[in-house]
Amino acid sequence: MRYGLPRSPSPSPVRRQPRRRSSGFGIPSDSESEPEEPVSDVDRTPSSPSSLSESVCFDSDGEPRVSLSVTKREPRSPAERRHIEETVAAIRLRTRHHDPYEEWEKQTRMDALRTARKLHDNDLLETYEQRARLRDQDLHALTVRHDQQMAEVQKLLSALKFKQQNEFNQLRIQWNEQDKVQHERLECAIRLEEENHRKKLEAERKKREEEERKRKLEEEKRLAEEEKKRQEEEEKRKQKEAEEAAQRAKEEAEREKRASLAAAEERRNVLGMTLPDEDWIHARQTLKNLKAGPMKTVKGDKALKTQWSAIRRQITPKIGQLTQDPATIARITSQIFDLVYPQQGVSQLLYMAALSSLAKAILLQAETEVTAEKKSAFPLALVTANLLEKLPAFPDIFFAKLVQRAGGWPVPCAIPSTDVDGTALVDGARTKAMGYRVHNNEQESTSDYVSRVSGMMRVYFLVMAAPVSNPLDNIFRLPRYWTYFARMLNDEKLLPTAVAAQVLYAALDVGGMEARHVWGKQWIKLLELLYEAATVGIGGKSETVLGGPTPEGKAACVRVQLEIENIIRS
């Protein structure tokens with residue numbers, strides 16, 4: 001803010017040095033005496049003809065700015081000079097005044113701010129320390145609980161490892177014994193076949209030598225008798241020799257082929273091995289004989305039908321009561337055995353009908369319970385294995401019922417165009433032979449069929465690996481597990497189906513790890529072929545992969561890949 005007095009309208013002011021000491025505002029000091037009379041014109045001594053004028057201006061910081069100009073004016077009156085002095089004094093007082101209350105209020109605010117900051121810092125420090133203490137306490141409690149849990153897990157793992165090692169040692173001993181027996185059988189069969197083949201070759205050689213000797217004698221006689229026609233006869237002889245050689249080569253090839261097939265069949269008979277078609281035919285024939293014989297007779301006889309119905313009604317709830325408890329498994333096995341095969345004995349027809357009902361109850365339980373929960377297959381497989389071991393004729397009937405409800409997948413093989421009795425399998429008959437269910441003339445969906453078949457096959461694979469005191473039938477032994485995979489990989493018609501992928505996954509999930517311990521590197525090679533079929537394509541062809549293009553097949557194919565990777569990594 002600026003304070004100032006009116007200036008003279010002089011167009012060209014001329015500054016001059018003040019003649020006396022003035023105050024900081026350009027006003028004469030209070031200690032100086034001022035003449036009460038106006039200064040005369042002579043005292044001003046103008047430096048130019050123009051008149052002088054004097055004005056005082058004040059800047060915003062309170063310092064005066066003196067501007068003197070020479071002008072002609074009337075001398076100030078005492079009142080004007082007094083007014084000017086009071087104004088200057090008021091300005092000086094205002095610029096130099098300090099209010100104590102404002103200073104106190106300012107200082108109080110600063111103290112309050114410092115106190116608030118200090119309290120805030122203390123609160124934050126206390127909060128951080130409390131959080132650190134709570135965090136340390138939680139960490140300590142978590143560490144203690146983790147140590148306890150780790151100790152429990154280590155104890156459980158040690159027990160499981162010890163149990164697994166014992167089971168592995170027992171299986172290794174059994175396998176070594178079986179391998180030794182099979183090796184001796186193979187060596188004996190090979191030696192026998194080599195001896196037979198050697199004798200056959202020796203007889204053929206002698207026969208050829210005799211024929212050659214006779215032919216030479218006849219040729220010499222013919223040459224001596226018909227010298228003139230030698231050329232013609234020579235050509236005929238060469239032609240005849242060529243035809244005979246071709247015929248002999250053909251006969252020799254046929255004989256070798258028959259011998260090879262006979263030797264292969266003999267080796268299979270020695271080892272107890274069969275072809276897929278033979279297994280399917282045997283199962284279908286057993287099923288037809290069962291339906292046409294015992295089942296038809298029992299259903300036609302009122303007394304036998306009553307006994308059979310009573311046995312069947314008792315079997316179903318016992319199968320449904322199975323749990324993971326070994327005592328329960330042993331108890332139910334004993335009860336079913338006594339029910340089907342009592343000590344006082346039953347008629348053969350009633351016994352076969354009861355075995356059929358028992359197999360059907362087991363398979364129905366596998367279709368429902370195992371599909372919903374995989375763990376329920378284990379007790380069901382143990383009971384089945386124990387009954388297969390103890391009940392006569394039950395293995396053939398159980399496998400026949402399994403083929404009836406699952407089609408050719410237990411073998412595995414594709415369903416042929418004709419049945420065992422020569423009847424053509426077309427439309428509904430073929431669908432029934434494949435194991436599909438039909439309700440109200442509507443065939444079940446593919447997903448339901450896949451789930452149902454995989455549940456039954458899971459029980460079948462568990463039966464192969466189940467521990468039993470006596471060896472089961474060949475079709476339920478562990479070597480059948482290898483045979484199943486070999487047959488599946490050799491049949492390119494089955495692999496592109498969703499059922500094949502799901503069944504192979506169930507087989508790997510059940511016995512993949514155990515098969516690696518039994519067959520070692522050979523099993524790894526077989527898994528590599530299966531993995532190639534699931535990733536690259538069947539036979540190296542990317543057009544067809546394991547499981548086919550359906551959603552169920554793709555999902556099952558991914559499960560097979562993951563299971564193979566898990567087996568190889570472990």
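Helices here are DSSP runs of H or I with at least four residues, strands are runs of E with at least two, and both are numbered from the N terminus. The model is predicted, so local features need pLDDT of at least 70 and side-chain atom pairs count only at pLDDT 80 or more, while totals for chains, interfaces and linings use all residues. Residues are numbered from 1 along each chain as its sequence is written, and side-chain values use heavy atoms, with hydrogens and water left out.

**Surface patches**

Arg 312 sits in helix α6. Arg 312 belongs to a positive surface patch, together with Lys 291, Lys 299, Lys 305, Arg 313, Lys 360 and Lys 432. Patch members have over 30% relative accessible area and no salt bridge; like charges are joined within 9 Å, and nonpolar side chains (Val, Leu, Ile, Met, Phe, Trp, Tyr) within 5 Å. Lys and Arg count as positive, Asp and Glu as negative, and His and the chain ends are not counted. Each charge is placed at NZ of Lys, CZ of Arg, CG of Asp or CD of Glu. Accessible areas come from the Shrake-Rupley method with a 1.4 Å probe, and for residues only the protein chains shown count as cover.

Two helices, α5 (276–300) and α6 (302–320), each supply at least two residues of the positive patch. The most comes from α6, with three residues. Arg 312 has a relative accessible area of 34%, so Arg 312 is partly exposed. The classes are buried (under 20% relative accessible area), exposed (over 50%) and partly exposed (in between), with a 1.4 Å probe and protein chains only.

A nonpolar surface patch is formed by Val 153, Leu 156, Leu 157 and Leu 160. Together they have about 360 Å² of accessible area. Leu 156 is in helix α3 (residues 100–225). Leu 156 counts as exposed because its relative accessibility is 52%.

**Salt bridges**

Side chains of opposite charge can pair when their charged atoms come close. A salt bridge is a side-chain nitrogen of Lys or Arg within 4 Å of a carboxyl oxygen of Asp or Glu. The count by this rule is 25.

| Glu 195 | Arg 198 | 2.5 Å |

Glu 195 and Arg 198 are three residues apart in helix α3, so about one helical turn separates them. Glu 195 is partly exposed at 31%. Arg 198 is partly exposed at 48%.

Glu 204 is buried, with a relative accessible area of 14%, whereas Arg 255 is partly exposed at 31%.

Glu 367 lies in helix α8 (residues 348–372) and Arg 437 in the loop between α11 (428–433) and β4 (438–439), so the pair ties together parts that are 70 residues apart in sequence. Glu 367 is buried at 6%. Arg 437 is partly exposed at 27%. Elsewhere, salt bridges that share partners join Glu 212, Arg 215, Glu 219, Arg 237 and Glu 241 into one network.

**Cysteines**

A disulfide is a covalent bond between the sulfur atoms of two cysteines. The cut-off used is a pair of cysteine sulfur atoms within 2.5 Å. The structure holds zero disulfides. Cys 413 is buried at 6% relative accessibility, and Cys 557 is buried at 5%.

Arg 172 lies in helix α3. Arg 172 is partly exposed at 43%. Arg 172 and His 517 are 345 residues apart in sequence, yet 8.7 Å apart in space, C-alpha to C-alpha.

**Backbone exceptions**

Most residues other than glycine have a negative phi, and most peptide bonds are trans. The bond from Val 411 to Pro 412 is cis, with omega near -10 degrees. Pro 412 is in the loop between α10 (394–406) and α11.

Ala 393 has a positive phi, near 70 degrees. Ala 393 is in the loop between α9 (377–390) and α10, and is partly exposed at 36%. Asn 440 also has a positive phi, of about 55 degrees. Asn 440 is in the loop between β4 and β5 (442–443). At 74% relative accessibility, Asn 440 is exposed.
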